Structures are given as structure tokens and as C-alpha cells.
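Q: Please take a close look at helix packing in this model. Where do the helices meet, and what do the residues at those places do?

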Amino acid sequence: MKFKKFLSVFVFFLFTNLVLTLGVITTVATPSAFGKSNALYNNEDTIADSKTVKEVVFSEVPGVSTVRLYFPDTKEIKEIDLEEYVTGVLIGEMYDNTHGEALKAVAVAARTYTLYMCEANKNMPYDIVADSKVSQAYISKDDAIEAWSELGASKYETMKNAVESTQGLVVTYDSKPICALYHASSYPNTENSENVFIEALPYLIGKESIESIETVYKSSVSYTESELNSILTSNSLPSVNLEDLKINNI
């Protein structure tokens, strides 16, 4: 649970810190989209200028209402409403107990990344892939309910609320949606885009993480022998006798 809370705070910090350190930022978001205490809501204020970044702006989605989504498992391509797709991305990418403002931030990031891919793949059969290893995870409302019943329906509503609160908002650079990459962990720091993806993008600049090695890579859990065996047998694995158990270093 502590990790989930940390993750939600970090995702929000990551996205806000990204856009706030890039250059001049303005927003057309209303207070209902981001609370007035939230760093993303700047009204008419601007952040200090940058020599390398022209302008990063929150603006309305430029005339795209549907997404051509490719499902690798079934090899199908389905045309889905943009906002419904972003809702499905949040279901697949985020915890349902994540702080609401973090969900809104990721909704903007996911929508922005989607629009970026729509433009990049406009001459391709599909815009984006329903796979987190390739682009973004996606779980539809029906699949969420089938997997988690009432909890799935509740999660859908939570994510839908975050998407509706930021409806139409994307982050643009030079009047185009940015490649809004996001992730759960980046210890000890992120990289400049050209060090990972070859292309140098002026708004994807490496910066130090707020995480520590203890919070990212170290965790522990304790079980009695009976509890451990209960978990093993429930997953069709053989039980163990701790007196005979030997763990080899790899």
C-alpha cells in the first residue's frame, strides 16, 4: 500500500515537474480540471523562459475524436472514441486508489501521447497498440467488469471522472502534441531523449529523480511457514519445509 501511494505521488510529481521545468507554460484548463493549489493550474501566469524550449502549452485537442487501436492478441483494429480510449489507458496503467490529481495529470499525458502517435502513424493502418510494452496499456470497460466485477465498474468510473475533468486537454510544443512519455520509476534520474530514442526532443531533458534506492529497489514481506505454504498451494505450487529450504545465490 505504501508503494502504491508513493507511486501515485511520484507519477504526479514526474509529470508536473516535467512541464514546469521546460519553459514558458500557459494553460486553457479551468479550475475544475486542476485545483487552484495544483502547480498545473497557472491561469495567466508564466514560468521562467528557457533558451532551448520555445513553448510548452496546455491546449485543446486539435480535431481528433477517434483512435485506430490495434489489439496484438486478436490482430484486430478497432476505431475507438479518443476519450474512451484514454479512460481505458488509465484503467490499464493506474491504480484505482491513486490520488485524483495524479490521475488527471496522467490523463493529460496519455491523451497527449496518443495524439502524438496519431500524427506519427497517420499513414499507417493503425495509430497505436493496446500493449504497454509497445505503447500504452488498455483495458476496456467491459473487460474491467469481467475481470473485477463491481470493483471493475468502480475503477472505470474513477478513471472516467479523471478523463472528463481534463477533457480535450493536451500538452503541445510548437503547436503540436509532445511525445509525452511517462513511467512509474526513474531512479536515479531520467535521460535526455537522444540517449534512449536517438532523436533529441527539447522538452525531454534528463533530470534527477525524487526517489531513493530504498523506496525503489528494496521491499520486504514476512510470512509464517503455514502462510507461505497456503500461498504456494493456492497457486498450484508444492509446499515447502523451511528446515529443508536452501536458497542459492545467483
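Helix contacts and their surroundings

A: Helix H4 (residues 141-148) and helix H5 (residues 150-165) cross at roughly 145°, and their axes come within 6 Å. Here the axes are lines fitted to C-alpha atoms, for helices over the stretch in contact, with angles between N-to-C directions running from 0 to 180 degrees. Helices (H or I, at least four residues) and strands (E, at least two) are DSSP runs numbered from the N terminus. The model is a predicted one, in which local features need pLDDT of at least 70 and side-chain atom pairs count only at pLDDT 80 or more, while totals for chains, interfaces and linings use all residues. Residues are numbered from 1 along each chain as its sequence is written, and side-chain values use heavy atoms, with hydrogens and water left out.

On the H4 side of this pair stand Lys141, Ala144, Ile145 and Trp148; they meet Glu150, Leu151, Gly152, Ala153, Lys155 and Tyr156 of H5, contact meaning heavy atoms within 4.5 Å. By type, the residues of the contact of H4 with H5 are six nonpolar, one polar and three charged. In this grouping Ala, Val, Leu, Ile, Met, Phe, Trp, Tyr, Cys and Pro are nonpolar, Asp, Glu, Lys and Arg are charged, and the others, Gly among them, are polar.

Apart from neighbours within four places in sequence, Ala144 is in contact with Ile91, Ile139, Ser149 and Gly152. Its C-alpha atom is 8.9 Å from that of Gly88, a residue 56 positions away along the chain.

The second pair to examine is H2 with H3. Their axes are 10 Å apart, and the two helices pack at an angle of about 125°. That angle makes H2 oblique to H3: under 35 degrees counts as roughly parallel, over 145 as roughly antiparallel, 65 to 115 as roughly perpendicular, and the rest as oblique. H2 passes H3 in a right-handed crossing, the term for a near helix turned clockwise from the far one by less than a right angle, with anticlockwise giving a left-handed one. H2 contributes Leu82, Glu83, Tyr85, Val86, Val89 and Leu90 to the contact, and H3 contributes Leu103, Val106, Ala107, Ala110, Arg111, Thr114 and Leu115. The residues of this contact of H2 with H3 comprise 10 nonpolar, one polar and two charged.

Glu83 and Arg111 also pair through their side chains, in a salt bridge of 2.8 Å from N to O. Arg111 lies in helix H3 (residues 100-120) and Glu83 in helix H2 (residues 82-93), so the bridge ties together parts that are 28 residues apart in sequence. Both Arg111 and Glu83 are buried. A salt bridge is taken as a side-chain nitrogen of Lys or Arg within 4 Å of a carboxyl oxygen of Asp or Glu, and a search of the whole structure finds five of them.

Another of these joins Glu101 to Lys104, whose closest N and O atoms are 3.0 Å apart. Glu101 and Lys104 are three residues apart in helix H3, which means a separation of about one helical turn. Glu101 and Lys104 are both buried. Lys122 and Glu119 form a further salt bridge, with 2.9 Å between the closest N and O atoms. In that pair Lys122 is exposed, at a relative accessible area of 52%, and Glu119 is partly exposed at 48%.

Some backbone features lie in loops. Lys75 is not a glycine, yet its phi is positive, near 60°; the residue sits in the loop between strand S3 (66-71) and strand S4 (76-81) and is exposed, with a relative accessible area of 62%. Ser175, also not a glycine, has a positive phi of about 70°. Ser175 belongs to the loop between strand S6 (169-173) and S7, and at 69% relative accessibility it is exposed. The peptide bond from Tyr187 to Pro188 is cis, with omega near 0°, and Pro188 is in the loop between strand S7 (176-177) and helix H6 (194-197).

As for the chain that holds these parts, its secondary structure comes to eight helices and seven strands. Of its 250 residues, 40% are buried. Among contacts with a separation of 6 or more, 68% are between residues 24 or more positions apart.

Technical notes
Buried < 20%, exposed > 50% of the residue type's maximum accessible area, 1.4 Å probe, protein only.
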